[in-house]
Amino acid sequence: MYSELLKNAYKRDYLPPQEQILLSIQGQNIGSMQNYVIISGLPKSGKSTFTTSIVASSFNTWDIFGMKLQTLPGRSRILYIDTESSEYDYYKHMSRIKNVANKDNIPIFFDSFCLRKEGPETIKLMIQAYLENTPDCSVIILDGLLDIVMNYNDEIECRKIVNWIKEITTLNNLLLIGILHTGKNEGKTLGHLGSNTDRWAQSTLAVKKEESGSFILESKFLRSSGGFIPIEIKYDIDQNKFVQVNSTIQDDKKIKHFTNYNDQDHNNTLNIIFENAKYFKYENLIVEISKIEKRGINFSKSYLKYLKEKNYISKNSQNEYFDYRKTI
């Protein structure tokens, strides 16, 4: 046992590789290698809709609703396990992924299995067998986590499940995204399984359905990010797809494009952003712009670029953005 302990000793001359982010939202680190992310919500609250969009974003170079899933070079395979759906619903779900991604076919790097009829131990063994035979997999999506336990209120069993997740994500150097139902008690994830997964997850995201019919994805616990603006989507009958719902526009400035703002508009935005901080990393500044402008991630990225080109802001040697107006 001592020899096993020594294998895990601190290496004084070792520098680990740079953190590899695979799931991001609005440029924020939500899920990286050797970690797991939980997406939670009540049944029929929109979890599958957001999961569909996350998966579809991996099929293209752009994000969907500000969410982007990517894989590593040389390890492009994604495993998607559905433990809940009937055959009809499962294939309908796959069709929805294709539609959101605007693809005629599912890419060959995407492997999916419907394991509704299998028990918890069999599902885990099948996942382990897949990983042994498919080393180029870097992302697992497990929908849903409840089906790999017999009793989600059994403290010992649930801790073993979390240990198993930590083990496969570490040994196989991958990211796992797990879908988990919440109970009606203030939206808390179910039982000891929920409390255990929340405790060691890199991120726990919560999905809820509004009375208006829209779905909202927001952060619950984040270890590696300062947060993101909640994403609200709603089905548009005319467009026959889900679209992002913008925040309420309260003044004329929000209607205009930033290229039509006057100096006072730009100054007002920057004064708020830099009121409490002198410097911002790129991804953090994007979030701040999005909050103030009440716009999406693509708008905020373009606006940041515009502000830099027009010398409203600049970067220092540490790649941090600052208010260039105050240096003139």
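Residues are numbered from 1 along each chain as its sequence is written, and side-chain values use heavy atoms, with hydrogens and water left out. Because the model is predicted, local features need pLDDT of at least 70 and side-chain atom pairs count only at pLDDT 80 or more, whereas totals for chains, interfaces and linings use all residues.

The largest pocket holds about 590 Å³ of space. A pocket is here an open set of points on a 1 Å grid over the protein atoms alone, where a 1.4 Å probe fits and protein lies on both sides within 12 Å along at least five of seven lines; lining residues have an atom within 4 Å of a point. Grid points are joined across faces, edges and corners, and the volume is the space filled by probe spheres set on the points. The lining of the largest pocket comprises 19 residues, of which Lys-44, Ser-48, Ser-85, His-93 and Arg-96 are the closest to the centre. At least two lining residues come from each of helix 2 (47-57), helix 3 (87-101) and strand 8 (175-181), and helix 3 gives the most, with four. Helices (H or I, at least four residues) and strands (E, at least two) are DSSP runs, numbered from the N terminus. By class, this lining contains eight charged, seven polar and four nonpolar residues. Ala, Val, Leu, Ile, Met, Phe, Trp, Tyr, Cys and Pro count as nonpolar, Asp, Glu, Lys and Arg as charged, and the others, Gly among them, as polar.

The second largest pocket holds about 510 Å³. Its lining also numbers 19 residues, with Asn-99, Val-100, Asn-240, Lys-241 and Phe-242 closest to the centre. Helix 2, helix 3 and strand 12 (241-244) each supply at least two of the lining residues. Nine residues of this lining are polar, eight are nonpolar and two are charged.

Helix 2 is largely enclosed by the rest of the structure, because 10 of its 11 residues are buried. Buried denotes under 20% relative accessible area, exposed over 50%, and partly exposed the range in between (1.4 Å probe, protein chains only). Among the buried residues of helix 2 are Lys-47, Phe-50, Ile-54 and Val-55.

Eight salt bridges were found in the whole structure, each defined by a side-chain nitrogen of Lys or Arg within 4 Å of a carboxyl oxygen of Asp or Glu. Asp-136 and Arg-77 are paired at 3.4 Å, N to O. This pair links distant parts of the chain, 59 residues apart: Asp-136 lies in the loop between helix 4 (120-133) and strand 7 (137-143), and Arg-77 in strand 5 (residues 77-82). Asp-136 is partly exposed, at 25% relative accessible area. Lys-124 is buried, at 13% relative accessibility. Salt bridges with shared partners join Arg-77, Asp-111 and Asp-136 into one network. A further salt bridge connects Lys-117 and Glu-118 (3.4 Å, N to O); Lys-117 is exposed, at 72% relative accessibility.

On the surface, Tyr-2, Leu-5 and Leu-6 form a nonpolar patch with about 350 Å² of accessible area together. Patches are made of residues with over 30% relative accessible area and no salt bridge, with like charges joined within 9 Å and nonpolar side chains (Val, Leu, Ile, Met, Phe, Trp, Tyr) within 5 Å. Accessible areas come from the Shrake-Rupley method with a 1.4 Å probe, and for residues, only the protein chains shown count as cover. Leu-5 belongs to helix 1 (residues 2-7) and is exposed, at 54% relative accessibility.
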